[in-house]
Amino acid sequence: MAGEALLGSGVPITAVYSSPALRCVQTAQHILGELKLEKKMKIRVEPGIFEWTKWEAGKTAPTLMTLEELKEASINVSTEYRPAFPLASLMPAESYSEYVDRCAVSVRQMVSSCPQDAGVILVVAHGSALDSCTRPLLGLPPRDSADFAQLVRKIPSLGMCFCEENKEAGQWELVAPPVKTLTHGSNSAFNWRNWILGS
């Protein structure tokens, strides 16, 4: 549904990045399918935007599919993209500071690996990435970890925010997403502007 809505909005997606979590890669593939781009555009897997590993069960790093395994599963992933963080760099139970630093480095890598006039970069990740990847792009400091944990619980599946580069001002800004965030059941409407900029 998100891909169909993006297609209807006419947003020109020119690159797609995904967390290595299978649910994210599959979501990226379905969105590209609805956009009629699944054969033309490869998903760039960026382990650096994987969720906070402290939230993962166990004392070992999460087990994630390799690029080769994803290709064998008929997912069109890029083997040319060099991520900011390789899969092996994900450590179990990282600190909050390590997590937000990892996301900040990754988002800078994703933006810088695209041409200056690339168009829209689609990032498919976890709800926590709406904050941990967007705030550094906007030049905002990380929020307190307790506030972060509380806010992440309120993000619906396929929560969305949209950042646009203001080249004249030399900064990124939040703008209204081209489509509304999907909500269901007991989820309340997701206010992207208040959530990211709020305290």
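Visitor: Let's start with S19: leaving aside neighbours within four places in sequence, which residues is S19 in contact with?

Guide: Contact here means heavy atoms within 4.5 Å. On that basis S19 touches C24, V25, V45, E46, I49, F50, V124, A125 and H126, once neighbours within four places in sequence are set aside. Keep in mind that this is a predicted model, where local features need pLDDT of at least 70, side-chain atom pairs count only at pLDDT 80 or more, and totals for chains, interfaces and linings use all residues. Residues are numbered from 1 along each chain as its sequence is written, and side-chain values use heavy atoms, with hydrogens and water left out.

Visitor: Where is S19 found, and is S19 buried or exposed?

Guide: Helices (H or I, at least four residues) and strands (E, at least two) are DSSP runs, numbered from the N terminus. S19 sits in the loop between β1 (13–18) and α2. Buried means under 20% relative accessible area, exposed over 50%, and partly exposed in between, with a 1.4 Å probe and protein chains only. S19 counts as buried because its relative accessibility is 0%.

Visitor: Which side chain does the side chain of S19 make a polar contact with?

Guide: A polar contact is a pair of N or O atoms within 3.5 Å; within protein, one must be able to donate a hydrogen and the other to accept it, and residues adjacent in sequence count only if both atoms are side-chain atoms. For the side chain of S19, the partner is the side chain of H126, at 2.8 Å.

Visitor: How do I read a pocket?

Guide: Rolling a probe the size of a water molecule over the atoms shows where empty space is left. On a 1 Å grid over the protein atoms alone, a pocket is an open set of points where a 1.4 Å probe fits, with protein on both sides within 12 Å along at least five of seven lines; lining residues have an atom within 4 Å of a point. Grid points are joined across faces, edges and corners, and a volume is the space filled by probe spheres set on the points. Here the largest pocket holds about 1,400 Å³.

Visitor: Which residues lie nearest the centre of the largest pocket?

Guide: I121, L122, V123, V124 and C161, out of 49 lining residues. Strand β3 gives the most to that lining, with 5 residues.

Visitor: And how big is the second largest pocket?

Guide: About 160 Å³. It has 13 lining residues, with V45, P47, L67, P83 and L87 closest to its centre. Helix α3 (residues 67–72) gives the most to this lining, with 3 residues.
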